[in-house]
Amino acid sequence: MLAFIFIIATLATNCAVSYAASGCDACRLRDEFVAENGYKCFPLNNGHVACTCPDQRYTIDKPCRICERNSICGGPDNFCSEILDSTSSGQDGNTHHFSCFCADFSFYIGKACPASSTTMQTSTMTMTTTTTTPMTTTIGTTTIMTTTMAIPAQK
């Protein structure tokens, strides 16, 4: 009877481990998204896996990618780039895990673009129609031509 319980326990343990190990494929840990850069996989006791990012956040059963978070860099016209762990120390001495490249051609390390760089600026231009009226006056044998123009006032 003891041998039977041992076999059942062994099978249950092996099935759970193999399921969790194959579940780590959900984290897609390859290329630059590897443990050396702060991306890891942790099998959970409920059969799911936690995929971690280098900034101490995680996702369940899907890759953890900093730049795939909603509005990480502000508006949709800005771009995000994840920084490798080995090069993540900024000029301020803090560790940063992403950079934002803004629509106004500025960039920020470790923080989103300011709202002013994501807002489209509009300018209004006032146009004034100028009308010219040619007049011809004949005095004797001399012809005088004049043109009247309306010039808009400067603002």
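## Secondary structure

The secondary structure of this predicted model comes to 2 helices and 8 strands, where helices (H or I, at least four residues) and strands (E, at least two) are DSSP runs numbered from the N terminus. Read from the N terminus on, the order of the elements is α-β-β-β-β-β-β-α-β-β.

Residues are numbered from 1 along each chain as its sequence is written. Because the model is predicted, local features need pLDDT of at least 70 and side-chain atom pairs count only at pLDDT 80 or more, while totals for chains, interfaces and linings use all residues; side-chain values use heavy atoms, with hydrogens and water left out.

## Paired strands

Two strands are said to pair if DSSP finds at least two bridges between them. By this rule β4 and β5 pair in the antiparallel sense over 4 bridges, and phenylalanine 79 stands opposite phenylalanine 101 in β5.

On β5 there is also a link to strand β6 (residues 107–109), for 3 bridges join these two strands, which run antiparallel. Here cysteine 100 has tyrosine 108 in β6 as its bridge partner. The hairpin of β5 and β6 has 5 residues between the strands, and in this hairpin phenylalanine 105 takes a positive phi near 70 degrees.

## Surface and core

Of the 155 residues of the protein, 23% count as buried, a word that means under 20% relative accessible area, whereas exposed means over 50% and partly exposed lies in between (1.4 Å probe, protein chains only). The protein exposes about 11,800 Å², of which carbon and sulfur atoms supply 59%, with areas taken from the Shrake-Rupley method with a 1.4 Å probe, where for residues only the protein chains shown count as cover.

A nonpolar core is a set of buried Ala, Val, Leu, Ile, Met, Phe, Trp, Tyr and Cys residues joined through side-chain atoms within 4.5 Å. The largest one has 16 residues, and among these Val49, Ile66 and Phe98 touch the most other members. Both β2 (49–52) and β5 (98–101) supply at least two residues of this core. Leaving aside neighbours within four places in sequence, isoleucine 66 is in contact (heavy atoms within 4.5 Å) with residues including Tyr39, Asp55, Ile72 and Phe98.

## The salt bridge

A salt bridge is a side-chain nitrogen of Lys or Arg within 4 Å of a carboxyl oxygen of Asp or Glu, and a search of the whole structure finds 1. Aspartate 55 forms a salt bridge with arginine 69, and their closest N and O atoms are 2.6 Å apart. The pair links distant parts of the chain, 14 residues apart, since aspartate 55 is in the loop between β2 and β3 (58–60) and arginine 69 is in the loop between β3 and β4 (79–82). Aspartate 55 is partly exposed, with a relative accessible area of 22%.
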